[in-house]
Amino acid sequence: MANFHSMPDLISSSVSLKVEDDRKDGTKYNTSGPIYPFAQGSKSFPSTVIKEISQILQLKEGKKIMMFLGFNTLCTVILLTWCHSTNSMALTAFTYLTIFDIFSLLTCLLSLWVQRQRPTPAYSFGYERFEVLAVFASTMLAQLGAFFIIKESIACLLQQNEVHTGRLLLGTLLACFVHLIVTFGVKNRAVNHVVEASSSSWLQEHMTDMSESLCHIVPGLSKILLPRLNPFVIIAFAGGISLFAVHILIDTKMYYSADTWVAVCIAIMTCGTLFPMTIYTGKILLQTAPSHILGQLDKVLREASTLDGVLEFRNEHFWTLSFGTLAGSLQVRVRRDADEQLVLAHVFSRLSSLVSVLTIQIFKDDWTRASTYAMVGSPAFGYQSPIPALSTRAQSPVDISLSLSSFQSPPQYKPPPASSFVGVVPPPKRSTDNTRTSTLTSAGRGTSDIAGFSSVNLS
Amino acid sequence: MVECLPELFRVIRHAFFGSVISFLWLFGLTLCGPLRTILLFEHSDLVIIAGFSALFTSNGGGPAKLRGAVFFILAVLAVLLFDHDDKLHNDPDHLHSTFVSHVFHHIITNVGWSDHKGGVVLLSITLCLQVGFNSASKKLSVDIGGSKRLHALSTIMSTMLLLPWAVFIYLTRESDIESWVYILFPLILVIFFMFVFDYYIEAVAVNHLHPPSVALVGTLTMLTGAVFLSATWNHPLMAQVTTLHKMKDIITEDHVLSGGVVFSVIIMMFSTRLLLAPSRGARGSFIGYSPAGLPLYSIAGDALQRTTHSVFMVLKNGLRQILEESDSRKIFYFLCINLAFTFVELTYGVWTNSLGLISDGFHMLFDCSALVMGLYAAVMSRWKASRIFSYGFDRVEVLSGFINGLFLIVIGIFVFAEAIGRLFEPPEIHTERLLTVSVMGLLVNLTGIFVFKSAHGHSHGGHGHSHGGHSTGGHGGHITGGHGHSSGGHGHSTGGHSHGGHGHSHGGHGEHSLWGGEEHSLSQPQGGHNTNMEGVFLHVLADTLGSVGVIISTLLIENFGWNIADPVCSLFIATMILLSVFPLLKETSMVLLLRTPTDMKKDISLCLEKVSSLEGVLTYREPHLWWHTSAKVLAALHVQVTPETSEQKIVAQISSIFKEIGITNVTVQVEKESYFLHLTGLGAAPDQMFDFTHNLQHQNQSESLFSGVKAI
């Protein structure tokens with residue numbers, strides 16, 4: 001947190017989002033220039049992007065990824081032209097895997113960039129979440145592409161056209177090769193994490209199942225087959241084999257609709273492979289707690305609730321910030337005589353092993369009677385609007401006058417700007433020593449505070 | 001005797017259906033030949049039931065069973081597709097002897113299959129019927145008192161049922177059977193093998209062995225035996241030697257062993273083995289952690305299983321949830337209109353055999369998927385918060401908006417690529433009926449635009465969305481419309497929240513915070529426009545653009561013969577879609593990335609300034625303010641205070657400060673020096689201490705932060 005002054009220029013932080021967007025589709029971002037008016041003239045957007053990219057390219061890793069990216073793009077273009085010349089839907093579906101590889105390489109570049117970033121005021125949680133979004137977007141785009149393939153295949157089934165098998169096998173081999181090279185050649189932090197952490201795709205489940213029964217027969221294979229296989233490898237082989245089958249069917253039987261069916265199969269397999277990853281990253285983006293952590297969290301919270309003075313926990317929000325890091329906020333209600341700092345330190349130290357970005361608010365009921373209901377009544381505590389209930393309870397005029405007198409106390413903070421939150425500022429401490437009050441008086445005070453509060457709104 | 005009547009009736013029914021199935025089986029046998037009949041029909045009920053439950057239910061017994069079922073289907077398909085069937089009806093007149101075969105041949109002639117394929121389909125259907133029949137007869141046999149008894153009774157009944165028919169045929173047709181001796185021998189053979197031995201052997205085997213293993217061994221033996229016999233017996237040369245002269249015409253080339261059948265037999269054996277293997281019990285129970293903290297688990301199907309409701313109840317509840325709120329209601333109605341249009345288009349396309357119409361109908365169906373997703377997100381966003389979704393499901397709408405944006409980008413790129421392809425190799429364009437369809441599509445989409453326009457553009461009255469060509473302007477106006485009052489309603493199409501924020505900061509410049517507060521109380525309800533609805537709206541808009549483009553290019557092609565108009569229109573539309581989607585993508589991704597709200601930067605820096613100037617506050621750290629949805633902002637903050645300050649007072653003051661700018665959900669962690677002492681006592685990480693001392697030493701750091709926030 002002490003690094004605010006060492007952050008990169010703010011322009012880049014505000015613009016970095018566009019970096020990603022542009023990477024996703026690769027088409028013109030110059031035309032969408034007017035979208036960010038707060039690039040206030042210091043530097044133009046493309047030059048910032050170029051600067052950031054050139055910084056990354058100075059790294060050895062970045063150069064390597066860029067090389068792979070160039071190779072991948074070149075092969076994809078070649079494959080797309082072959083798809084066009086062979087007229088094969090299945091090869092197109094398979095080529096989309098290499099397009100996904102381009103996305104995953106871009107994600108890799110992005111995670112290189114993210115590693116060099118520090119949290120800025122604009123992105124106070126840091127830039128790690130960019131990786132999550134990038135993985136989500138690339139898996140989603142690949143699935144949408146597969147979806148398109150399915151749609152096109154339906155149109156193809158209605159009007160089957162001829163497929164030339166000349167370059168079909170060659171294209172299959174090339175796509176397989178590129179895909180495997182990219183999968184194993186680059187150490188892609190973000191994608192690898194997602195592959196490991198997301199639940200198995202159905203292809204993986206079947207592979208595990210088959211290899212298990214295979215290992216019953218040949219126990220020697222267990223070293224290779226029993227660990228969870230990389231889904232990208234599985235889909236590369238499955239797609240390659242089915243394309244080979246298409247080649248045979250078309251060559252021997254002139255059975256052209258096999259191509260279309262295999263295209264649908266490959267599209268479904270692509271969706272099946274990528275869907276668990278989308279779910280995993282999507283859940284992170286939705287600010288959810290990972291379900292496997294819940295048990296540990298419960299245990300820690302149970303431990304913490306036995307601390308002296310702790311009454312209850314409420315508004316517990318724990319969510320995944322980026323891959324592997326949790327963030328959270330929590331309100332702890334404590335007894336009135338509890339040492340807040342001690343409780344805070346205890347709860348914080350218990351939770352900090354699990355949750356790295358943590359904010360704990362200690363809450364005391366009725367900490368000073370005068371403003372309890374101001375606090376409770378204010379929506380800051382998540383209550384709706386206790387005004388009608390309280391005003392019905394405000395019966396004694398004495399209470400009102402009393403609280404009005406306390407209301408006239410000067411505001412507590414130093415600079416007196418013509419601000420509007422005078423009314424909600426709690427009264428001075430002199431009323432704190434009076435510890436026993438009836439609910440009626442506090443209710444009356446609550447009303448008065450709310451009256452002050454509503455006057456603020458009116459002003 | 002009277003109380004036996006219902007049972008008697010049930011036995012008769014049983015006998016009737018049994019005879020029907022036997023008849024179908026025999027008919028299939030005449031069509032396919034013995035090998036294929038055995039391959040397709042001789043399966044245990046266990047196999048079929050396991051296959052069905054793997055395919056159609058969630059707890060089918062794991063991936064192995066599913067694979068088995070898929071292999072089973074593949075085997076049937078292999079017989080259907082890869083067997084040789086060059087001869088369509090070898091001799092139609094000969095086989096049309098009975099009424100049923102006549103109907104059957106009529107049907108398969110209409111479909112265009114050979115009778116071989118028809119037989120395969122017939123046998124597969126008969127197999128399913130047989131499974132149902134067997135499970136029904138199991139129930140009946142309990143009531144009757146033993147399956148042996150049922151079998152006997154049912155056989156007698158079916159004999160009685162079939163006897164009149166047999167007598168009728170015998171009397172009316174002149175048969176070529178010379179004497180009773182010729183028919184007696186086969187008859188006795190059939191009686192013993194089909195009705196007595198088959199039943200008893202199976203019963204004995206099931207009694208002494210495990211039923212699945214009986215099924216497995218039986219199927220494997222039968223299949224290998226059938227292949228062996230057909231390879232030897234049925235071979236034309238062997239047939240010369242072994243068979244009677246009479247049966248020669250049955251054994252045609254058609255029923256000879258082929259590569260497809262061998263392939264199918266192998267797959268069928270494999271799938272039988274898979275389907276009958278005991279399923280592994282341990283599924284998804286293993287949950288542990290790798291050293292890196294990664295979860296090691298598989299999908300726990302049983303843990304996720306919910307109580308089953310009837311389909312009707314689920315539909316009813318879903319419909320009620322959808323109709324509860326205006327957004328989802330609008331999407332739903334539009335979806336209905338769209339689906340109805342698609343349905344009409346498809347049926348008309350099938351009726352008139354127009355490929356263009358059918359493919360356009362599928363295209364519409366494809367577009368409906370975006371609507372379905374939007375609808376689901378709109379319903380989901382109202383779900384109650386759970387442990388996992390502790391903030392509620394609001395963000396689902398943002399995510400759905402993002403996905404819709406990606407969807408549109410994919411669509412735009414595809415249209416773009418296709419248009420460029422058409423520029424270089426212009427295809428033949430058939431404009432017949434294109435105009436009508438696209439005008440109707442345009443009408444449907446215009447309805448959608450009018451429905452959705454009211455959903456989220458309250459303040460952009462002047463913009464006409466009905467104009468396809470002006471839609472960027474209209475769209476930009478719609479985006480800026482959320483903050484229209486601050487930007488004075490000048491409708492340039494820059495778009496995005498940023499624009500609103502821009503105007504906002506200008507307005508708030510140098511004025512007291514009261515103004516800002518008032519502004520927010522005004523802009524808050526509007527500013528949070530629904531990104532989900534916006535995504536759906538953009539989708540509909542893109543469709544409308546497509547229709548307009550088609551209309552224009554069709555008119556140009558028909559009237560002037562400009563074939564280039566089609567790709568040019570497509571290029572224009574693709575660019576339009578891509579441009580209009582960027583603001584949505586930008587906004588949603590900023591929300592998803594937990595960015596500090598751009599439209600409140602002035603307020604935020606003011607707020608933080610106020611916080612640090614509160615009495616007792618030394619400094620603050622980790623100020624996190626982020627968009628939860630595009631309407632809701634959350635905040636979390638750590639403050640260091642002097643030892644004598646009351647924590648609760650600070651909390652109350654800070655939350656009231658934040659409440660002023662519309663942030664109601666604030667978590668404040670108040671820290672004193674003693675907290676850090678406690679932490680070090682508890683053995684916490686020393687960087688916390690470092691942070692604290694660092695903060696105390698560098699008070700001016702907060703100054704730099706302010707400037708930072710201002711410069712967002």
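What follows is a list of selections, with a note on what each one shows.

**Before you start**

This is a predicted model. Begin with chain B as a whole. Its 712 residues are 47% buried. Its secondary structure consists of 28 helices and five strands. Among contacts in chain B with a separation of 6 or more, 72% link residues 24 or more positions apart.

**Stop 1**

Select β3, β4 and β5 of chain B. These three strands make an open sheet, in the order β3-β4-β5, with mixed pairing. Which strands stand at the edges? They are β3 (617-627) and β5 (665-671) of chain B. Each has a single partner strand, so one side of each has no neighbour in the sheet. From one strand to the next, the twist averages 15°.

Now select 633-641 of chain B, which is strand β4. How many bridges join β4(B) to β5(B)? Seven, and the two strands run parallel. For one facing pair, show L637(B) and V668(B): L637(B) stands opposite V668(B), which belongs to β5(B).

**Stop 2**

K672(B) sits in the loop between β5 and α26 (673-681) of chain B, while E647(B) sits in helix α25 (residues 647-660) of chain B, so the pair ties together parts 25 residues apart in sequence. Are these two residues buried or exposed? K672(B) is buried, at 10% relative accessible area. E647(B) is also buried, at 9%.

**Stop 3: a link between chains**

Bring chain A into view and select R387(B) and D298(A). They form a salt bridge whose closest N and O atoms are 2.8 Å apart. R387(B) is in the loop between α15 (355-380) and α16 (395-424) of chain B, and D298(A) is in helix α12 (residues 291-305) of chain A, so this pair joins two chains. R387(B) is partly exposed, at 41% relative accessibility. D298(A) is partly exposed as well, at 28%.

**Stop 4: a link between helices**

Return to chain B and select R10(B) and D143(B). This salt bridge brings its closest N and O atoms to 2.9 Å. R10(B) is in helix α1 (residues 5-32) of chain B and D143(B) is in helix α7 (residues 115-144) of chain B, so the pair ties together parts 133 residues apart in sequence. Relative accessibility is 25% for R10(B), which counts as partly exposed. D143(B) is partly exposed too, at 41%.

To see them in context, note the total: 18 salt bridges over all chains.

**Stop 5: the nonpolar patch**

Keep α1(B) on screen and colour the nonpolar side chains. A nonpolar patch lies on the surface here, with about 980 Å² of accessible area together. Its members include L5(B), L8(B), I12(B), F16(B), W165(B) and F168(B). Which elements give two or more residues to the patch? They are α1 and α8 (147-172) of chain B. The largest share, six residues, comes from α1(B).

Zoom in on F16(B). This residue is in helix α1 of chain B. At 44% relative accessibility, F16(B) is partly exposed.

**Stop 6**

Last, select V227(B). It is in helix α10 (residues 211-232) of chain B. V227(B) counts as partly exposed, with a relative accessible area of 21%; the buried class ends under 20%. What does V227(B) contact, leaving aside neighbours within four places in sequence? The contacts are L35(B) and V265(B).

Now draw a C-alpha to C-alpha distance from V227(B) to L538(B). The two are 61 Å apart in space and 311 residues apart in sequence.

Definitions and conventions. Residues are numbered from 1 along each chain as its sequence is written. Chains are lettered from A and ligands numbered from 1 in the order in which they are written. This is a predicted model: local features need pLDDT of at least 70, side-chain atom pairs count only at pLDDT 80 or more; totals for chains, interfaces and linings use all residues. Side-chain values use heavy atoms; hydrogens and water are left out. Two strands pair if DSSP finds at least two bridges between them. Helices (H or I, at least four residues) and strands (E, at least two) are DSSP runs, numbered from the N terminus. Axes are lines fitted to C-alpha atoms, for helices over the stretch in contact, and angles run from 0 to 180 degrees between N-to-C directions. Buried means under 20% relative accessible area, exposed over 50%, partly exposed in between (1.4 Å probe, protein chains only). Contact means heavy atoms within 4.5 Å. A salt bridge is a side-chain nitrogen of Lys or Arg within 4 Å of a carboxyl oxygen of Asp or Glu. Patches are made of residues with over 30% relative accessible area and no salt bridge: like charges are joined within 9 Å, nonpolar side chains (Val, Leu, Ile, Met, Phe, Trp, Tyr) within 5 Å. Accessible areas come from the Shrake-Rupley method with a 1.4 Å probe; for residues, only the protein chains shown count as cover.
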